[in-house]
Amino acid sequence: MTAVQDIVGAEHVLTDPDITQSFGTDWTRAWSAQPLAVVRPADTDQTAQVLMACKKFGVPVVPQGGNTGLVGGGIPHRDNEAIVLSMTRLQHLGTVDRATQTVDVGAGVSLARLQAHASAAGFAYAVDLAARDSATVGGMIATNAGGLRVVGLGDTRQQVMGIEAVLVDGSILRRLEPLAKDNGGYNLSQLMTGSEGTLGVITAARLRLVRAPGTQYVTFIGLADVESAVSLVADARARGDLTAAELIRSEGMKVVRQVCGLAQPLKAEHRVYLLLETAELPELPDDVDAVVDPRMWEYRDRQAEAVATLGIPFKLDVCLPINSIAAFLTELDTLPDTQGREVHVYAHLGDGNLHINLLDIDVEMADRLDEQVLTLVARYGGSIAAEHGVGVHKTKWLHLSRSSAEIATMQAIKDTLDPAGLLNPGVLLP
Ligand code: FAD
Ligand code: MLT
Ligand code: ZN
């Protein structure tokens, strides 16, 4: 550890197990292992030097941002084997460039801070998610985070104009200029986006901003079935002003009201609830039970927190063709290991992205659920990893969403950039 202490300063190398334990435990508490140490570089140069030292001594490195990831990708997997490289000290926030509508940002900046910065300059950052106070720019790029406004404004990949990243040998890839056109070969910034810390450590990014939103209506609607929700989303989409379309099933509504002490927002209880965010009021059937109120976001934002308060959640994040969702959910509820259990489903419905949560699931049942649910997803032509990434949770199932040629190509890229397999071992690739 002396080598890294000399680089970042002794106070930024944490080794006390009582302190490092939280860096080795993921947000859900489903995965945990003791880090060798937590190393906190101040900038790109220190990041490069730490990586060179780790390469020299053959020490695995797990890059970490806000530790809000939900697939076990941001923590070590065996006790005292890897260091956690915590990137939260990289807090640079550049001046918003009005001419190109972009900003350069350090990897450790939280989403909330980036959003506030963009807003102060009269713009907005397109991606939003409930973990905004902790999730970092580096983590969001590494996972290609999606979130609440993908249906209207796109995912993280679409906001990334360029990044700065350090490879395992300490070399630095830097593409931070605000250039709208720049076809100089392979797009390495986009290769790093969604690579889950397996190819390099992201230290900064040049991000696109969008126009600040004008008046937006948040309409919360109680419905009898998912088909009706899908149909309302299609209508809203056709009008062209839809920025969010979120779904909560009755189980999730019950839990969020109970845990967070929220009132019943509609006249009656329903099987499903749809939240639409639009610039114009949506057209709804006359007899529909609905309310227009921005506070309805809280019922959706706090779904993950509410379920996790009741226990360690078993979670799957999948994407389906939107027209298949109703049929998929019917089958989901009757799988051998879901039957008779409460299956908490909330969704970025506009993207076909379902979050499936169950409680009181032991390791054996978790394995069976992975197999049953993900095989079903594949049968419907869906993706087993929608927006949270593959992490350690889904490496075994990657073949359900990627061909052997695709996996072999990814492995070849990994072997070239990280031949000793020191960056985030066990994550993403089987
Ligand atoms: P971490 O959890 O620290 O790390 C995630 C992954 O990125 C790991 O593989 C890690 O090794 C890698 N990584 C982190 N920083 C770097 C870096 N600088 N360089 C290279 N690799 C790095 N996700 C969504 O997509 N949409 C949502 O709507 C959403 N909602 C959420 C709500 C809650 C309440 C919670 C707890 C999580 C939610 N997430 C959501 C998941 C999570 O917030 C995102 O995956 C986020 O992008 C993770 O950011 P982080 O900084 O916490 O990354
Ligand atoms: C969400 O949309 O609420 C998040 O992705 C978190 C989760 O899946 O629980
Ligand atoms: Zn989500």
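**Stop one: a sheet**

Start with β5 and β9 (residues 201-208): these strands run antiparallel and are joined by five bridges. Strands here are DSSP runs (E, at least two residues) and helices likewise (H or I, at least four), numbered from the N terminus. Select Asp104 and you will find its bridge partner, Arg206, in β9.

This is a predicted model, in which local features need pLDDT of at least 70 and side-chain atom pairs pLDDT 80 or more, while totals for chains, interfaces and linings use all residues. Residues are numbered from 1 along each chain as written, chains are lettered from A and ligands numbered from 1 in written order, and side-chain values use heavy atoms, without hydrogens and water.

Now widen the selection to the open sheet of four strands, ordered β5-β9-β7-β8 with antiparallel pairing (a pair needs at least two DSSP bridges). At its edges, β5 (102-106) and β8 (172-174) each pair on one side only.

**Stop two: a helix across the sheet**

Next, show α3 (residues 44-57), which lies across β7 (160-166), β8 and β9, at about 45 degrees to β7. Contact means heavy atoms within 4.5 Å; axes are fitted to C-alpha atoms, for helices over the stretch in contact, with angles from 0 to 180 degrees between N-to-C directions.

His355 is buried, at 5% relative accessible area, and Glu387 is buried at 10% (buried is under 20%, exposed over 50%, partly exposed in between; 1.4 Å probe, protein chains only).
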